[in-house]
Amino acid sequence: MSKLALFGRRRLEAALLEAGLISSEQLSAALDEHRSSGRRISKLLVEKGYIAEDELLSVIEEQFDIPVINLGMHPINPAVTMRVPAEVALRHCVIPIAEAEGVLTLAMADPLDLSAMDDVSMLTGAEIKPVAAGENSINYLITQLYSIAEPTGRVASRAGLADQVTGDGVSPAGRTEVSADEAPVIRIVKSLIEKAVEEGASDIHIEPSDDSLRVRLRLDGVLRDLAALPKHSSAKIVSRVKIMANLDIAERRLPQDGNIEWKDGARGSSLRISTLPTVHGEKIVIRLLEKDKIVLPLEKLGFNRDNYKAFLGLLLNHAGLLLVTGPTGCGKTTTLYSALNYLNRPEDNIITVEDPIECRLRGVNQVQVNSRINRTFANSLRSILRQDPNVIMVGEIRDLETAKITTQAAFTGHLVLSTLHTNNAAGAVARLIDMGLENYLVTASLVGVVGQRLVRKICPDCAEEYSLTDDEKFFYRRYFKKEPPHRLLKGARCRRCNQTGYRGRTSIQEILVLGQELQELILLGVTAEVLQRKAVELGMIPLVQDGLRCVEEGLTTVNEVIRTTFSSIFDAGPGGTADSASLLARLHRENN
């Protein structure tokens, strides 16, 4: 190691110690392993869990003025990438991403590695400009780009990747060895899942099109493009995911569903796989479910003080039906599982019927729906009622038969939790009646409804004050029923939030508790709008007002509240996902 590289490494170590990100004992342990194995100290610190990769990159950026980039958001020139051989890129964990006027921009997992820069400079004859990037992101791009440009398997065989694939590298025939043809595809899928877990994505979308295979991640509820793979890789990648999920790789005409238990160090995730035949080939959606994110203490669900008390009161009922409503992806599953975890006591018998089971709960009896053997929600519920349950959870009420059995169970001494897809809490009542339930069954069984949405939180690293636009002021007065403040917070957009201004999500809720007055209105057959207005008169905090709380606490923005709650106020289409800025402008015009 050169004196300059040694100085850089020691400067980084001193900066990490000074910032309190690692202890001297942790650094000593990493140095010992570095001396014996020759592996990078920065990599060892991250692998051992002493420091998060983004914290390490942030220190490098501050101390050495080396920019950190998000490769998923950065345009890549494949022609530039191919100037460096695959084995060099893999050995040093680097990838060239751009070149201008004889200067090659080199994304590096360790931008202090001068020998790597020297090797690349010698090969290309260019001056090197280092930028820092996550190791998983670099590995993913290396596998993606080099497996495209070179004959299949050459990258893997040259770098010895076939010997590195273990555990999940099982072929269709059940053998554990991996051929050179299979290794690049295995690496692509593995890197893709690792990146999704690292970024905190909830879903991976792999979508074939006319000329490519589009890959997108759903981050904080919004889909973002990750990469485009070549069309010819589609069949191999789909087959690889199917093998991992124990699906039929020969069946391409019908949708299939499966699961993968994914283990990455001490961190485990359950991956739910869904395939869908399209005109361009099979589309795959992988939903990532981490138990520590699905099951939360009730106080961590984002309830305001009044709603938290109301929700606890509903859970303390010994009998009755409690519904959680909202569009797909609004956190209904997390609320239900967290409620079950709260109710889970040795003296109670809790049984669920789900499709699919998204998280295994210790002490809870969980039943998986299987339509192929006629194990439907309704048939499973009939059997569950003979199992002496105290609490029942039905994944979703989808039809009249399930609705009838669920409500009968609720008014015969069982607490039943379930979900419905409706725009607001009052809409759940109308939905049950539309299914064919008599009004008296609804009033006799239903104790409460939680309407819920997830809103993105302002990125704490780039939060800044701003002056409200005229459209936002109008919305504030019209729907928040208040005079707008002069200034609010928003995200200025930074690398930590992928230039979105948001990082993480929290929930907003409205809780409709069915008292005598609301039950009488239901028996009279009033509309959902009338029921909603009466519930607000009786003290229910509507979604948009709970959103106001989050805005005033600096958690989210006016635009985000509009984006998520719009469908519960206006006719904006399913889910209310229309562009909030255009909706604001339209509303302002129509009301002037």
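A: Helices (H or I, at least four residues) and strands (E, at least two) are DSSP runs, numbered from the N terminus, and two strands pair if DSSP finds at least two bridges between them. This is a predicted model, in which local features need pLDDT of at least 70 and side-chain atom pairs count only at pLDDT 80 or more, while totals for chains, interfaces and linings use all residues. Residues are numbered from 1 along each chain as its sequence is written, and side-chain values use heavy atoms, with hydrogens and water left out.

Q: Which residue stands opposite L321 in β15, and what is the bridge partner of L321 in β14?
A: In β15, L446 stands opposite L321, and in β14 the bridge partner of L321 is V416. Strand β10 (residues 320–325) pairs in the parallel sense with β14 (residues 415–420) over six bridges, and also in the parallel sense with β15 (residues 446–458), over five bridges.

Q: How many of the residues of β10 are buried?
A: A residue is called buried under 20% relative accessible area, exposed over 50%, and partly exposed in between (1.4 Å probe, protein chains only). Six of the six residues of β10 are buried, so the strand is largely enclosed by the rest of the structure. Both faces of β10 are covered, with buried G320, L322 and V324 on one side and buried L321, L323 and T325 on the other.

Q: How many residues of helix α12 are buried?
A: In α12 (residues 234–244), eight of the 11 residues are buried, so this helix is largely enclosed by the rest of the structure. The buried residues of α12 include I237, V238, V241 and M244, and R240 and K242 are also among them. After α12 comes N246, whose phi is positive, near 55°.

Q: Where are C93 and K481 found, and is each of them buried or exposed?
A: C93 is in the loop between α6 (86–92) and β1 (94–100), and C93 is buried, with a relative accessible area of 4%. K481 lies in the loop between α20 (470–479) and β17 (487–491), and K481 is exposed, with a relative accessible area of 59%. Neither is a glycine, yet phi is positive in both, near 55° for C93 and about 60° for K481.

Q: Which residues does the cis peptide bond join?
A: The cis peptide bond joins D355 and P356, with omega about 0°, and P356 has its place in the loop between β11 (350–354) and β12 (365–368).

Q: How many aromatic pairs does the structure hold?
A: Rings of Phe, Tyr and Trp (its six-membered ring) pair if their centres lie within 6.5 Å; planes under 30 degrees apart count as stacked, over 60 as edge-to-face and the rest as tilted. The structure holds four aromatic pairs. One of them is the stacked pair of F303 and F311, 4.8 Å centre to centre with 20° between the planes, and both of these residues are buried. The rings of F475 and F480 have centres 5.4 Å apart and planes at 85°, so this pair is edge-to-face; both F475 and F480 are buried. F475 and F480 form one aromatic cluster together with Y476 and Y479.

Q: Where does the charged end of R456 sit?
A: A charge sits over a ring if NZ of Lys or CZ of Arg is within 6 Å of the ring centre and within 35 degrees of the ring normal. The charged end of R456 sits over the ring of Y502, 4.1 Å from its centre, and the charged end of K490 sits over the ring of Y466, 5.1 Å from its centre.

Q: How many cavities of 30 Å³ or more does the structure hold?
A: Rolling a probe the size of a water molecule over the atoms shows where empty space is left. On a 1 Å grid over the protein atoms alone, a cavity is a set of points where a 1.4 Å probe fits but cannot get out, and lining residues have an atom within 4 Å of a point. Grid points are joined across faces, edges and corners, and a volume is the space filled by probe spheres set on the points. The structure holds two cavities of 30 Å³ or more, and about 80 Å³ of space lies in the largest cavity. The largest share of the lining of the largest cavity, three residues, comes from β6.

How values were computed. 1 Å grid on protein atoms, 1.4 Å probe; cavity = no way out; pocket = protein on both sides within 12 Å on 5 of 7 lines; lining within 4 Å.
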